[in-house]
Amino acid sequence: SRIGEKPRTDEVWFIGSDIRREVLARREDYDAFLEQVHRRIDLSKVVYIPHRKEPDDYLAEMSRRYGMEIRRLEAILELELVNAPTLPKAFVSFTSSALDTIDILIKPPITVFRIPPAAIRDTLREKYNEVYDAMARKGFDIVNLDMPATA
């Protein structure tokens, strides 16, 4: 119950998700969405916490491109926060169910970069609209991203 009282670091954690493979209609749009995020926050100052299914080769490319530290956790994110001596000052993500738990545990600032509905697979579009709407109702800061230009 006192986890939120731990000291905060200057770190911002970007909580990864498997949207590149599982959610986006066009996998290559992920890079364009990361570019939009980078224009809003300096990704070289962000610690990226990957989803367990995100491939190491792509994470290495992201790290090279943006100077991001990639930090795979040993345990699930929520357990790592419980056991850590300090906590990040804020969290960002495209989407992650972990954000709900993080919000309950430590009430940090949370920014969600919302993928445009047209970029999401047709079969998942309604579900993700509901997810993003629920995050907005919880008070997360929602930043709407633009559709990437198609080649």
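Which residues does Ala25 touch, not counting residues up to four places away in sequence? Select Ala25 and look around it: the contacts are Ala119, Ile120 and Arg121, where contact means heavy atoms within 4.5 Å.

This is a predicted model, in which local features need pLDDT of at least 70 and side-chain atom pairs count only at pLDDT 80 or more, while totals for chains, interfaces and linings use all residues. Residues are numbered from 1 along each chain as its sequence is written, and side-chain values use heavy atoms, with hydrogens and water left out.

**Stop 1: Ala25**

Stay on Ala25, which is found in the loop between α1 and α2. Element names follow DSSP runs numbered from the N terminus, with helices (H or I) of at least four residues and strands (E) of at least two. Ala25 and Trp13 are 12 residues apart in sequence, and their C-alpha atoms are 26 Å apart in space.

**Stop 2: Asp18**

Select Asp18 in the loop between β1 (12–15) and α1 (19–22). Is Asp18 buried or exposed? Asp18 is buried, because its relative accessible area is 10%; buried means under 20%, exposed over 50%, and partly exposed in between (1.4 Å probe, protein chains only). Leaving out residues up to four places away in sequence, Asp18 touches Val23, His51 and Lys53. Ile49 is 31 residues from Asp18 in sequence, and the C-alpha to C-alpha distance between Asp18 and Ile49 is 12 Å.

**Stop 3: helices α2 and α3**

Two packed helices are described by the angle between their axes and the distance between the axes. Select residues 29–40 for α2 and residues 56–66 for α3; these helices pack at an angle of about 35°, with their axes 12 Å apart. The axes are lines fitted to C-alpha atoms, for helices over the stretch in contact, and angles run from 0 to 180 degrees between N-to-C directions. α2 passes α3 in a right-handed crossing. A crossing is right-handed if the near helix is turned clockwise from the far one by less than a right angle, and left-handed if anticlockwise. To see the contact, show the side chains of Tyr30, Asp31, Leu34, Glu35 and His38 on α2, and of Tyr58, Met62, Arg65 and Tyr66 on α3.

Next, show Asp31, Glu61, Arg64 and Arg65 together: these residues are linked in a network of salt bridges. A salt bridge is a side-chain nitrogen of Lys or Arg within 4 Å of a carboxyl oxygen of Asp or Glu.

**Stop 4: further salt bridges**

Side chains of opposite charge can pair when their charged atoms come close. How many salt bridges does the structure hold? There are 15 salt bridges in the structure.

One of them joins Glu11 and Arg71, with the closest N and O atoms 2.8 Å apart. Glu11 lies in the segment before β1 and Arg71 in the loop between β3 and α4, so the pair ties together parts that are 60 residues apart in sequence. Glu11 is partly exposed at 25% relative accessibility, and Arg71 is partly exposed at 23%.

Move to Asp100 and Lys138, whose side chains meet in a salt bridge of 2.4 Å, N to O. Asp100 lies in helix α5 (residues 98–106) and Lys138 in the loop between α6 (125–137) and β6 (141–144), so this pair ties together parts that are 38 residues apart in sequence. Asp100 counts as partly exposed at 28% relative accessibility, and Lys138 counts as partly exposed at 43%.

**Stop 5: Lys107**

Select Asp103 and Lys107, which form a salt bridge with the closest N and O atoms 3.5 Å apart. Asp103 is buried, with a relative accessible area of 11%, whereas Lys107 is exposed at 59%. Lys107 sits in the loop between α5 and β5 (110–114). Most residues other than glycine have a negative phi. Lys107 is not a glycine, yet has a positive phi of about 50°.

**Stop 6: Thr111**

Continue to Thr111 in strand β5. Thr111 is buried, with a relative accessible area of 18%. Leaving aside neighbours within four places in sequence, Thr111 is in contact with Phe91, Val92, Ser93, Asp141 and Val143.
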